[in-house]
Amino acid sequence: MGTFDGVHLGHREVLREMGRRARHAGGPSVLVTFRPHPLHVLRPKDAPMLLTSSIEKKEILAQTDLDYAVFLPFTRALARYTPRRFVEEILVARVKVRELVIGYDHGFGRGRSGDAETLGAMGTELGFDVRVVPPIVAGGGPVSSSRIRRALLAGDVRAAHTGLGRPYSLRGVVVRGDGRGRHLGFPTANLEIRDSRKLIPGEGIYAVRARLPGGTWDGALHIGPRPTFPGSRSTMEVHLLDYSADLYGAELQLELIERLREVRPFASVAQLVSRMSEDIRRARRILAEYRERDSSSQTRSRMTP
């Protein structure tokens with residue numbers, strides 16, 4: 001049970017423990033999560049930008065050993081449920097819980113007044129066990145969605161990768177831009193993120209992998225303003241290496257591998273083009289090294305009993 005935004009390494013440990021317990025108990029594993037994020041209903045101004053949209057969360061969960069996922073519509077009425085009412089009406093009556101697995105910092109019910117101790121007491125009374133998964137430490141601290149968000153806003157996609165256990169991704173539709181990149185010799189696809197609640201990383205130039213229906217391509221992504229051209233609006237545009245087909249209207253999924261540099265103005269278009277050429281060379285090298293590491297990691301994973 002939980003929000004599970006990002007389905008990061010801590011969440012995955014909860015899922016693994018749930019899978020172990022389900023196999024031991026001889027029953028299905030069921031994730032109970034919420035849609036939308038509770039804060040988007042209760043305090044929209046304080047609600048965090050999302051690491052995963054509902055579609056992305058479903059796709060990631062589908063790659064796990066989870067048997068079922070229940071996406072509860074989070075409403076103001078549900079927010080008023082006391083911990084007792086939530087457990088009795090949702091977990092016991094509807095989900096038929098036998099064992100409940102939660103993260104160490106889980107809170108639920110009205111005002112997040114319920115916690116592991118509350119659940120343990122109700123479990124004893126109502127006939128289910130409660131197991132609490134301790135924090136997973138990576139990158140020098142406990143993995144959490146908020147910590148990953150801070151890393152992404154600072155442009156640190158490597159730190160985000162460490163916490164997520166995979167590259168952070170963006171998904172959008174290619175729309176028409178002003179064609180400036182093509183005139184500079186680096187045609188770009190302008191990406192429109194349709195989910196307004198999806199977190200966009202900090203401004204910068206990134207080495208990325210672009211997933212298309214026809215395969216995966218290396219690329220360089222620009223997020224932010226174009227200060228060399230006064231009056232230009234901020235954009236999110238990607239140059240795909242060695243790709244020339246028309247992408248308008250296509251859906252792209254970008255995996256952000258490494259931040260190459262900050263966005264900054266150049267004294268002339270020639271200087272900008274020179275730096276863009278250097279960015280492309282760095283992106284090629286970084287992405288080639290990443291593929292090699294990723295391939296080695298997958299080989300070791302298949303060989304591990």
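Reply: Gladly! This is a predicted model, in which local features need pLDDT of at least 70 and side-chain atom pairs count only at pLDDT 80 or more, while totals for chains, interfaces and linings use all residues. Residues are numbered from 1 along each chain as its sequence is written, and side-chain values use heavy atoms, with hydrogens and water left out.

Me: What makes Glu255 count as buried?

Reply: Buried means under 20% relative accessible area, exposed means over 50%, and partly exposed is in between (1.4 Å probe, protein chains only). Glu255 has 9% relative accessibility, so it counts as buried. Arg211, with a relative accessible area of 33%, is partly exposed.

Me: What makes Arg20 part of a network?

Reply: Arg20 forms a salt bridge with Glu13, at 3.1 Å between the closest N and O atoms. Salt bridges link Glu13, Arg16, Glu17 and Arg20 in a network. Arg20 has a relative accessible area of 36%, so it is called partly exposed.

Me: Why is a group of residues called a nonpolar core?

Reply: The name is for a set of buried Ala, Val, Leu, Ile, Met, Phe, Trp, Tyr and Cys residues joined through side-chain atoms within 4.5 Å. The largest one here has 28 residues, and Leu152, Leu221, Val238, Leu252, Leu254 and Leu256 have the most contacts inside it. Among the elements that give two or more residues to this core are α7 (145–153), β7 (168–175) and β10 (215–224). β9 gives the most, with 4 residues. A second, separate core of 20 residues includes Met1, Val32, Ala79 and Phe128.

Me: What is Leu256 in contact with?

Reply: Contact means heavy atoms within 4.5 Å. Leaving aside neighbours within four places in sequence, the partners of Leu256 include Val157, Tyr168, Tyr206 and Leu221.

Me: How do you know that the buried residues of α8 are on the same side?

Reply: The buried residues of α8 are Val157, Ala160, Gly163 and Leu164. They cover an arc of only 115° around the axis, which puts them on the same side of α8. That arc is taken from the directions from the helix axis to the C-beta atoms. An α-helix has 3.6 residues a turn, so residues three or four places apart point the same way. What covers the buried residues of α8 includes α1 (9–25), α7, β7, β9 and β12.

Me: What makes β9 and β10 a pair?

Reply: Two strands pair if DSSP finds at least two bridges between them. β9 and β10 are joined by 9 bridges and run antiparallel, so they meet the definition. Tyr206 has Leu221 in β10 as its bridge partner. In the barrel, 6 strands close in the order β7-β8-β11-β10-β9-β12, with antiparallel pairing.

Me: Where is Lys96, and is it buried or exposed?

Reply: Lys96 lies in the loop between α5 (83–92) and β3. With a relative accessible area of 58%, Lys96 is exposed. Its phi is near 60°, a positive value in a residue other than glycine. Most residues other than glycine have a negative phi, and most peptide bonds are trans. The peptide bond from Arg35 to Pro36 is cis, with omega near -5°.

Methods:
Salt bridge = Lys/Arg side-chain N within 4 Å of Asp/Glu carboxyl O.
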